[in-house]
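Please look through the sequence and the model shown here before turning to the points below.

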Amino acid sequence: MNLKHLSLAIFLTLFLIAHLSLGQTCDLILRGKILHQENDDPIEAAYVWILETRTGAVSDQNGNFVVRDLCPGTYTVTVQFLGHREIRQTVNLTGNSTAQTFRMEEESLDLGGVEVHGHREAVQTTTAVSSLYGEAMLQSRGESLGESLKRVAGVTTFSTGNTISKPVIHGMHSNRIMILNNGIRLEGQQWGAEHAPEIDPFLADEITVIKGAETVRYGPEAMGGVILVNPPALPTSKKHLTEIHLLGASNSYMGNLSASHLGGSDKIKGLGYRVQGSVKRAGNVKSPDYYQANTGMAEYNFSGSLGYSSDKLGVEAYYSFFNTEIGILRDAHTGNLSDLEEIIENGRPFTNAEFTYEIDNPKQVVTHHLAKIKSHYHLNPDWKLNFQYGFQLNNRQEFDRRRGELNAKPSLDLELFTNTLDLFLDHNLKPNWSGAFGLNVIQQANSNIPGTGVTPLIPNYDMFNGGIYAMEKYLKGPLELEGGLRYDFRTVNAARYVGEDLQTAELDYQNFSAFVGGLYQLSPHFAFTSNLGTAWRPPNVNELFSQGLHHGAAAVEIGDPDLVSENSLKWVNGLEFESEKALVEITAYANQIKNYIYLNPTGETYVSLRGTFNVYEYLQADAFFYGFDLSGSYTFSTRFNGYLKGSIIRAKNTEQDNYFPFIPSDRMDWGISYAFGKSSNPESDKITLANVLVARQNREPDYDLAPAPPSYALFNLGYQKKLQLAKNQFNIGLQVNNVFNTEYKEYMNRFRYFTADMGRNILLKLNYQF
Amino acid sequence: MKNYKRLPIYLFAALAFGFASCESEDPVPENEGEVITDVTLNFQELGGGGNPVGSAFSAKASDPEGIEVGATPTIETVTLTKGKTYRMTITVTNSIEGEDITAEILAEGDEHQFFFLGSAFTNILTIAYDDPSGELIGLQNELTVSASPASNNGQLQVVLRHDLDKSYPGATNPNFEDFVKAGGETDLDITFPVVINN
């Protein structure tokens, strides 16, 4: 198998490089890593000096440094970085090269004008991590969270039309991945395929995707991966920054405005705040040949935080509010199976819609409040106590086309309260050990608000989850090793009426999860990571208790209260090569899941006065997922750049020897950019041509309403101009997506049964920072 | 610095409040407002000049549980006589809630329409909308049995569409087979067996 050959090749390469780096007399190497004591963030551009030899090195962006050509002996090494206490240490070099980690402590904040880093925690993991920030983040502005993350190799979307999209990491989505809003696990009604994450991407200046199983760190459900949506760190010194985004799109005439302001107090040292808000409005989406009826949306979001930090104590309060109203394609709401079959055969909506901003039924109205308070206290330079409490309230209303007064009432009206508590102690024991142990509590209450006139799809329930965990990392120069263990207990109490019968259920789940991982910096250019983690996910309430008609799919879905937890074992390996001109990242993974829960068509139909419906049931089977992600870029010259991203995934039901539905097909995105600004700053004007290639999903499940759509190719064009106006930054972006107005259907879009995807879209993006 | 000492108190107060406010509500039985459990076709023979003749009769389709997995609907047979003309009215009810849905359909006549399809309309029956309001809904129709029907039995499919474009070309025909093209969705789709007596 290819996988075996590749890993063999990787290991051979590793071995060779490791051998080459062994030195002889006066050819010894001192290498190492420089990190912030506070949060283990790497420090770039720290100065390492060896007094005796008068030689030195500067750390790179990963904090790594190398000093070569040293003879055996004892040396005095100094490490210096602005605003940090100088380190002076004796290092003994014998016959072998030595690796050393230096952790730098911040000096007091008295120095005027010193850049002080905030308290945003860096992700410390040996599993594959990718982030979206800076220019890529700027280009993604105006898109939903799911759409933005398509820029990360290995991440795709599971969408419902062009306005609802959920991120998919290595084939997993919904309750199998976790999204953290500023450190708090987002608890909405994520079980639904048409329930998009309740988060405003504008609140973040960086979105990080962890592609491994991170159950130990974050709790159950972080099985497929974790998405961290992080706002910028609060300023700790006098500083003010305002940022405005103004966007417009030709397709759906979308308008989007976001403004944020962050400031640091000049009176109280260490006090900072940030406020941010965004408004988005869009009308009917246009496929190349027609408008999609009732696909407008409106969104109003706000977030704010206030923080204080001193050398010992840090406190932060945060609140975010998300509010959206989303129209659902009128034609996707079918009455029965023959309606559904007719529209699938037609291949496009029957309704000939015009453009409008109006949002009619069927629609979703969702609000999400998230408040958190977070604090840390440095017990001593090595130990830090952390506390975080989060409160969330999610309201979801779904409206269908109904008769009479019922049309004004939601058919689904859910209210979900979630409390989360994290308490943990972390330590940095110089020079090699760091880790954390803690406890984590989630308490959740879900209620159906009466008066919908529909038997609720899911019951009312109370859930409690308690977990304790410990993890430790050993870090020595180019080598990092880590491991962790966690125990969780969960109890779910559910109750509902079906007709006049009260049904109740009390379910308990418990599980251990563990991981081991390592990172080895083979050379300044090569790094290799490997992470093996177990994860588990208890069955979700909809999987246990669904019973009823799922409109749109013309399906009756039946849950099974006897489902057991899913257990997975995921192995992720990453190889990263970085040189002046090239950057290549390869991630290979295999994920074995026991008792994978999936919705299976029974092949039976149910007949009612309304017509015929397909019957689906929740089943469990063993599954095996594996695949590769590749991402790379190459700088041909100061003006020419090229990039390539791709992902391949295979997922199989190993019990039935068939395929699961809605697994992303093979895809690739590549492009070139040409910078044509002044020679002093060529990047100020840049044009990018990108090509997205998506293969047909040939590994289809045994039953699907329609065959997988054909492969497609899209071309996108972008122009980016950066203007420096005095001290202010002004960015202008012009993007043309789907330049040739190609008609296509994406396999991962549930509305591919009803309509083609979005046609050409021209976007103007203005960004001003002052 | 003295503020810090009270911080834990605030934190735990907030915490206690949060946890206390979070128990799920007790479930309540939901009134199934939209379910249709009974559809009755009422027949009244019409004599010359459109006056009622003889006694009325009906055929009923019922599904007491509405849309739930379980029993399939029971559908009675429609028995008509060769060469006769009938006034066919339709009544729709929700027996779970004891609700007459016919009135709702009538009130929203601009959004609803019945279509009549199936083998019964190939040289056996002919149908015309006869709604008193003049709006083409299909709650009242005139049904004529051929004097020399092609067969003595057939299938009568009754479809109720909701939210359709009533001005879609062809939609004025009660036998319009491409009704899906007019948009909207199906509320009812029942096939009654029809037997023609001599």
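The structure is a predicted model. Chain B and chain A bury about 4,600 Å² between them, and a search over all chains of the whole structure finds 39 salt bridges. Chain A is itself divided into domain 1 (2-104) and domain 2 (129-478 + 498-769).

**The contact between chain B and chain A**

- Chain B brings 55 residues to the contact, and chain A brings 55 residues as well.
- Carbon and sulfur atoms account for 59% of the roughly 4,600 Å² that chain B and chain A bury, a value given as "about".
- The interface of chain B and chain A holds five salt bridges.
- One salt bridge joins the side chains of A:Arg330 and B:Asp163, with an N to O distance of 2.6 Å.
- The interface of chain B and chain A also has 14 residue pairs in polar contact, both residues being at pLDDT 80 or more.
- On the side of chain B that touches chain A, the elements giving two or more residues are α1 (2-20), β1 (38-46), β2 (57-62), α2 (102-107), β10 (153-162) and β11 (185-197) of chain B.
- Among these elements, α1(B) gives the most, with seven residues.
- By residue class, the side of chain B that touches chain A consists of 23 nonpolar, 15 polar and 17 charged residues.

**The two domains of chain A**

- The centres of domain 1 of chain A and domain 2 of chain A, taken over C-alpha atoms, lie 38 Å apart.
- In the contact between these domains, 22 residues of domain 1 of chain A meet 22 residues of domain 2 of chain A.
- Domain 1 of chain A and domain 2 of chain A bury about 2,200 Å² between them, and 59% of this area comes from carbon and sulfur atoms.
- Two residue pairs, both residues at pLDDT 80 or more, are in polar contact across the interface of domain 1 of chain A and domain 2 of chain A.
- On the side of domain 1 of chain A that touches domain 2 of chain A, at least two residues each come from α1 (2-20), β1 (28-36), β4 (64-70) and β7 (98-104) of chain A.
- α1(A) supplies the largest share of that side, six residues.
- The residues on that side of domain 1 of chain A are nine nonpolar, seven polar and six charged.

- A:Thr157 belongs to strand β9 (residues 155-160) of chain A.
- A:Thr157 counts as buried because its relative accessible area is 4%, and buried means under 20%.
- Apart from neighbours within four places in sequence, the residues in contact with A:Thr157 are A:Gly146, A:Glu147, A:Lys150, A:Ser165, A:Lys166, A:Val168 and A:Met748.
- A:Asn352 sits in the loop between α5 (337-346) and β20 (363-378) of chain A.
- A:Asn352 has a relative accessibility of 61% and therefore counts as exposed, the cut-off being over 50%.
- A:Asn352 and A:Tyr290 are 62 residues apart along the chain, and their C-alpha atoms are separated by 7.2 Å.
- A polar contact of 3.0 Å links the side chains of A:Asn352 and A:Arg348.

**Salt bridges and a network**

- Side chains of opposite charge can pair when their charged atoms come close.
- In the salt bridge of A:Glu143 with A:Arg151, the closest N and O atoms are 2.7 Å apart, and A:Glu143 and A:Arg151 are both buried.
- A:Glu147 and A:Lys150 form a salt bridge through their side chains, at 3.7 Å from N to O.
- A:Glu147 is partly exposed at a relative accessible area of 28%, and A:Lys150 is partly exposed at 37% relative accessibility.
- A:Lys652 pairs with A:Asp657 in a salt bridge whose closest N and O atoms are 3.1 Å apart.
- A:Lys652 is partly exposed, with a relative accessible area of 27%, whereas A:Asp657 is exposed at 54% relative accessibility.
- A network of salt bridges links A:Arg330, A:Asp360, A:Arg401, A:Arg610, B:Asp163 and B:Glu185.

Key:
Residues are numbered from 1 along each chain as its sequence is written. Chains are lettered from A and ligands numbered from 1 in the order in which they are written. This is a predicted model: local features need pLDDT of at least 70, side-chain atom pairs count only at pLDDT 80 or more; totals for chains, interfaces and linings use all residues. Side-chain values use heavy atoms; hydrogens and water are left out. Contact means heavy atoms within 4.5 Å. Buried area is the accessible area (1.4 Å probe) that two parts lose on being put together, summed over both. A salt bridge is a side-chain nitrogen of Lys or Arg within 4 Å of a carboxyl oxygen of Asp or Glu. A polar contact is a pair of N or O atoms within 3.5 Å; within protein, one must be able to donate a hydrogen and the other to accept it, and residues adjacent in sequence count only if both atoms are side-chain atoms. Helices (H or I, at least four residues) and strands (E, at least two) are DSSP runs, numbered from the N terminus. Ala, Val, Leu, Ile, Met, Phe, Trp, Tyr, Cys and Pro count as nonpolar, Asp, Glu, Lys and Arg as charged, and the others, Gly among them, as polar. Domain bounds come from an automatic or database domain assignment. Buried means under 20% relative accessible area, exposed over 50%, partly exposed in between (1.4 Å probe, protein chains only).
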